[in-house]
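Please consider the structure shown below.

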Amino acid sequence: MSTEYGLKISKPGFDVKTAPPTGLVFSSQFGTPRIQQRGTGVIKQSTGRTATIPHNLGYVPKFLVHGDIPNQLSPGDWATLPYQWVAPFFDYYYNREAHSITCWADDTNLYIHVQDAFGYTFIPAIDYGLSSSLLGYWQNFAAIGESIPTWGDEDAALRFDSVPIAQGATIVAAEVGYYCSDVNGSGNVKCHLYGIDEDNTADFGSDPFGRSKTSAVSTIEFGTGRHNGDVARFNIKDQLQEVVNRGGWASGHNFGLFFIGDSLGDAGTEIVDGAADFGMSHIRYLLNDTLLNYKYTIFKDRIV
Amino acid sequence: MSTEYGLKISADGVDVKTAALIDQTFNSQMNCLKIDAEGFVSSNDTGARDVQVAHGLSYRPTFMCFFQVDSGGKWFAQGGEDDQDGGACSVHPYADDTYITFMVFSTGAHNVQIHYTLMVDPGE
């Protein structure tokens, strides 16, 4: 059977009868990617971090996704996805796989997913404070719960310096990540979580526990069975918003948190972090609800 | 020399004589990607390893690749990572004049299946 059939179109300067495949703009001897559908969308923190796009093909198609990523790319620049971001070291240590935008397809949908930590700004704790019946605030580490056997109930304070949030800015989401560098006991530890209600929280060179607390407060639980190396995450959106709304707050000021036991229950367990141990507690926050603007192309061509 | 030669096909509802390029489904002045070969390769191991496919061309070709992990049914775009199911796998491909090389990394032993599409068209 002759191979001299079909349609060829050569590039300028090539004889279509003798042109090599690289000299052709089209040849019916080769398949070419065919577009099934195209579209655009937005992924926001407030509406969930995964976009699900039906393709109705019944098989897994090839695809391309591009993204305009606020705070990562210049406005108007589009990256081919997936996109990976190198996390700050203190977060990379325990959360290194959660800083990418990934995309995949199955035989029903195309999915675009912004991973858990992507988009947040991270600020590591710079000061650690401890209040207990025997140890003072100058110990350079924080502990929550009950120190065993003699030191009694403990409260903790953390300070984060140079927080680049403008006065009055809207906080979309904020969390504290308390790094459990040393866990003594396995019981649940409960406490109240306050912001330190100051324009610019000074260091813990003097006892911080007499400072004003925010009216925003939450009751938190570390849960049972914590292990060394765990990170306990708690919502601090309201506490941070209250401090940022203060008239004397300005970008670059310092922010602090109190973890106060208030006899809520510590089940004979102490959870420690601080520069004297390891010290990777941090806050992370989002100021933009929009995490990703995306454009996608789904081809008719199948993977499987 | 006139540019009024060649073949144009417009999208449905668009006059081919006046259609903008974006409204044309084919224009012989624009190169089309031409698929030379497709196939699968796999690697069942842990850590970092390379998987290679000899492409038989004497230049660096354009290509696409997707991968799935442990027959999970999710096909990820190249360079991505499967950490949705507690694992962590990634595939980073590159081409030279002889091979497409897929740099595979996984934490723990995982079977990583790769689908590649090799184009006739040079990637440069």
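In chain A, four strands make up an open sheet, in the order S10-S21-S14-S18, with antiparallel pairing. Strands here are DSSP runs of E with at least two residues, helices are runs of H or I with at least four, and both are numbered from the N terminus; two strands pair if DSSP finds at least two bridges between them. The edges of the sheet are strand S10 (121–124) and strand S18 (230–235) of chain A, each of which pairs on one side only. On average, neighbouring strands of this sheet are turned by 25 degrees against each other, direction ignored. This is a predicted model, in which local features need pLDDT of at least 70 and side-chain atom pairs count only at pLDDT 80 or more, while totals for chains, interfaces and linings use all residues. Residues are numbered from 1 along each chain as its sequence is written, chains are lettered from A and ligands numbered from 1 in the order in which they are written, and side-chain values use heavy atoms, with hydrogens and water left out.

Across strand S14 (173–180), S18 and S21 of chain A lies helix H2 (residues 237–244) of chain A, which runs at about 115 degrees to S14(A). Such angles run from 0 to 180 degrees between N-to-C directions, with axes fitted as lines to C-alpha atoms, for helices over the stretch in contact.

The second topic is the interface. In contact (heavy atoms within 4.5 Å) are 34 residues of chain B and 34 residues of chain A. Together the two chains bury about 2700 Å², 63% of it on carbon and sulfur atoms; buried area is the accessible area (1.4 Å probe) that two parts lose on being put together, summed over both.

Which side chains meet in a salt bridge? They are those of A:Lys62 and B:Glu38, at 2.7 Å from N to O; the term requires a side-chain nitrogen of Lys or Arg within 4 Å of a carboxyl oxygen of Asp or Glu. The count between chain B and chain A is one salt bridge.

Strand pairing also crosses between the chains. Strand S8 (residues 100–105) of chain A pairs with S5(B) in the antiparallel sense over two bridges, and A:Trp104 has B:Phe76 of S5(B) as its bridge partner.
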